[in-house]
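Dear colleague,

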Amino acid sequence: TESSTIMTLSWKNNSKTATEIEVWKVDPNGDWALIVKVPASVAFYRDLGLEGGTFYRYKIRASNATGVSDYSDAIIEMTMPAPAELAATAVSSTVVSLSWIDTTRGETEFQIERKEGWGGAYKMIGSATMNIKKYDNTKVKPNTTYWYHVRAVKVSTQQGSKTFSNSQYSNEVSVTTLDGPTKLVATPASCNNEIALSWKNNSSNLHQGFNIERSMNGTKYDP
């Protein structure tokens, strides 16, 4: 597998008289179909335009002017599916927490990309190792809207060279970070056992409310 839409096949040609290698694939009707012939000197083929997260079955055989060889063993492989159900939560004014569902087999890592605002450009901001399904983005600004998407990456080594396979991107999500309130003022109320509090709300996004904590010694605060 090379990506969500590309399958790379490779093989060893054991025939000294072959002139071509035939590549066969099972079609949507379940029948074997010849999809390409490549010169015998070529030992790979990239099948393009596939569907992510889908199984495909292949086999090959050698041919020349006098006939064809037996087929190779058939192989079945799945293209890389994209991570699913990406969600983002503004934990605070400086942290956005991301989570997703891992739908890929054998990924090396997940790459997290972010853009600022609707018209921004996506840039990679970090990665999560295989089977990790969450990431905390700690380099964010208060009261700012960010967009995120995630993709799976598989790194393999063939003949001493590294090959990188990428899935398609997950769904795109946006979140607006919070901004802490300011200008807190405490005023004694008309009753001796009450204090009236007021403050300025600096968050433009919706939130559930404010947590108010109190301290009797200026060190330990309790709700």
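Strand β17 (residues 195-200) supplies the largest share of a nonpolar surface patch, namely three residues, where strands are DSSP runs (E, at least two residues) numbered from the N terminus. This is a predicted model, in which local features need pLDDT of at least 70 and side-chain atom pairs count only at pLDDT 80 or more, while totals for chains, interfaces and linings use all residues. Residues are numbered from 1 along each chain as its sequence is written, and side-chain values use heavy atoms, with hydrogens and water left out.

The patch consists of Leu 184, Ile 195, Leu 197, Trp 199, Phe 210 and Ile 212, which together have about 590 Å² of accessible area (Shrake-Rupley method, 1.4 Å probe, with only the protein chains shown counting as cover for residues). Its members must have over 30% relative accessible area and no salt bridge, and nonpolar side chains are joined within 5 Å; a salt bridge is a Lys or Arg side-chain nitrogen within 4 Å of a carboxyl oxygen of Asp or Glu. Leu 197, in strand β17, is partly exposed because its relative accessibility is 41% (buried is under 20%, exposed over 50%, partly exposed in between).

Elsewhere, three strands form an open antiparallel sheet in the order β8-β9-β12, pairing being counted when DSSP finds at least two bridges. Because β8 (84-90) and β12 (134-137) each have a single partner strand, one side of each is left without a neighbour in the sheet. Four bridges join β9 (residues 96-101) to β12, and Ser 99 has Lys 134 as its bridge partner there.

Finally, Glu 85, in strand β8, has a positive phi of about 55° although it is not a glycine.

Best regards

Technical notes:
Patch = residues over 30% accessible without salt bridge, like charges linked within 9 Å, V, L, I, M, F, W, Y side chains within 5 Å. Buried < 20%, exposed > 50% of the residue type's maximum accessible area, 1.4 Å probe, protein only.
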